[in-house]
Amino acid sequence: MLKPIITGAACLLGLLFLDSACQNKSPISDQERDAGQEVYLAHCISCHGPEGDGNQGFYPSLAGRKIDSAYTRRAIRLITQGSGSDGGMRPIGLDPDELRDVINYIQNSWGNEAPALSSSQSAFSLKLNP
Amino acid sequence: MKTYQLHINNQVYTVEADDSMPLLWVLRDLLGLTGTKYGCGIGQCGACTIHVDNLPIRACCMPLSALGNKKIRTIEGLDGQHPVQTAWKAEDVPQCGYCQAGQIMTAIALLDRKPQPSPKEIFRAMKGNLCRCGTYPRIVKAIQRAAQTSSES
C-alpha cells in the first residue's frame, strides 16, 4: 500500500530536483564562457574592469543589469560602432565568433543572465553594423 | 591633488596627483618608468599594456583613483630573463620596437592564464595589441616558443 506513495514521492522529488537543476544551469557552457572571457580581457577589461563594475564613474558598469533584447542590440551597436561621442566608447573590430562570445560572456556574468546569442545572430548583427 | 601610494614592481611609490590622472602619465611623467609606451591614449592600440593584479590593462585608460592597493607590474618589473623575453630575443621579434613592451606584457598575462595556448587563443589574446611594423608572425612564434620552454623547465 505504501510502495506506490513512496515511489510517487520519490518521482516528485526527482522532478523538483531536475527542474531546479535546469533553472540553475547557465545558458552558456564553461568553454563558451572561457572563450568570451578571453575577448573581454583583450578589449574590454581596461575600462569595464575584471568584475564588470566599471571604473568609479569614468566607465559604466556592466554588472547586475537587466538583460533584454534592447540591451543586447545596444551592446552590439556600441561594440561595432562605438558611442559616437568624443571620449566615449570606440568601435572594436571583432569577428562574428568573437562578438557572440563576448556578448554571451558579458550577459552571463556578474549577476547578468540572458539566453545565448547564436553565431548566425552575431553574423547578422555584424551585417547590420558593418 | 591627493597623495597616493602605488605598489609597482614590488616597490611602494608615493605620488601626488589628480584623481583622474591616467596611470600611464603617472608611470612616465611622475615616476620616470618610461618603458611603458604612449600609443593612442584611448585604449585602442595596447602599447601601454601593464599588469594590474596580473591582468593585462591599458595604463592610458586607468585613472589613478581606481587603483587602490592593486599590484602593478610594468616592463621594468621583468628581469630580462623571463621566458617570454628570452623567446622574444630568440625569435628576433621587434622591428621598430615601440609596441613591444605592451606586446610582451599581454603575452605574459596570456601564458599566466593559459600556459599552452592554441594559435586561436594566442590570436584572440593578442588582437588588441597593434604593431605597425607587422611583426605578428614572429610574436606568435615567440609566444609558442615561450610556452614550450616553460613546459620543458
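In chain A, 54% of the contacts with a separation of 6 or more are between residues 24 or more positions apart. A contact here means heavy atoms within 4.5 Å. The model is predicted: local features need pLDDT of at least 70, side-chain atom pairs count only at pLDDT 80 or more, and totals for chains, interfaces and linings use all residues. Residues are numbered from 1 along each chain as its sequence is written, chains are lettered from A and ligands numbered from 1 in the order in which they are written, and side-chain values use heavy atoms, with hydrogens and water left out.

Chain A contains six helices and zero strands. Its pattern along the sequence is α-α-α-α-α-α. Helices (H or I, at least four residues) and strands (E, at least two) are DSSP runs, numbered from the N terminus. Of the 130 residues in chain A, 36% are buried. Buried means under 20% relative accessible area, exposed means over 50%, and partly exposed lies in between (1.4 Å probe, protein chains only). The accessible surface of chain A is about 7900 Å². Carbon and sulfur atoms hold 59% of that surface. Accessible areas come from the Shrake-Rupley method with a 1.4 Å probe; for residues, only the protein chains shown count as cover.

Salt bridges were considered next. Side chains of opposite charge can pair when their charged atoms come close. A salt bridge is a side-chain nitrogen of Lys or Arg within 4 Å of a carboxyl oxygen of Asp or Glu. By this rule there are 10 salt bridges over all chains.

One of them joins B:Lys114 to A:Asp34, with the closest N and O atoms 2.7 Å apart. This pair crosses between chains. B:Lys114 sits in the loop between helix H3 (100-113) and helix H4 (119-126) of chain B, and A:Asp34 sits in helix H2 (residues 30-43) of chain A. B:Lys114 counts as buried because its relative accessible area is 14%. A:Asp34, at 26%, is partly exposed.

B:Arg113 forms a salt bridge with A:Glu38, and their closest N and O atoms are 2.7 Å apart. This pair also crosses between chains, from helix H3 of chain B to helix H2 of chain A. B:Arg113 is partly exposed at 28% relative accessibility. A:Glu38 has a relative accessible area of 4%, so it is buried.

A pair within chain B is formed by B:Lys2 and B:Asp19, whose closest N and O atoms are 3.7 Å apart. It links distant parts of the chain, 17 residues apart. B:Lys2 belongs to strand E1 (residues 2-8), and B:Asp19 to the loop between strand E2 (11-17) and helix H1 (23-30) of chain B. B:Lys2 is partly exposed at 46%, and B:Asp19 is partly exposed at 29%. Salt bridges that share partners also join A:Asp97, A:Arg100, A:Asp101 and B:Arg124 into one network.

Two kinds of surface patch were found. Patches are made of residues with over 30% relative accessible area and no salt bridge; like charges are joined within 9 Å, and nonpolar side chains (Val, Leu, Ile, Met, Phe, Trp, Tyr) within 5 Å. A patch of positive charge gathers A:Arg65, A:Arg73, A:Arg74 and A:Arg77 on the surface. Lys and Arg count as positive and Asp and Glu as negative; His and the chain ends are not counted. The place of a charge is NZ of Lys, CZ of Arg, CG of Asp or CD of Glu. A:Arg74 lies in helix H4 (residues 69-81) of chain A and is partly exposed, at 47% relative accessibility.

B:Trp25, B:Tyr38 and B:Tyr98 make a nonpolar surface patch of about 290 Å². B:Tyr38 is in the loop between H1 and strand E3 (49-52) of chain B. Its relative accessible area is 38%, so B:Tyr38 is partly exposed.

A:Trp110 is not a glycine, yet has a positive phi of about 55°. It lies in the loop between helix H5 (96-106) and helix H6 (119-128) of chain A. A:Trp110 is buried at 19% relative accessibility. B:Asp92, also not a glycine, has a positive phi of about 50°. B:Asp92 lies in the loop between helix H2 (83-90) and H3 of chain B. At 55% relative accessibility, B:Asp92 is exposed.
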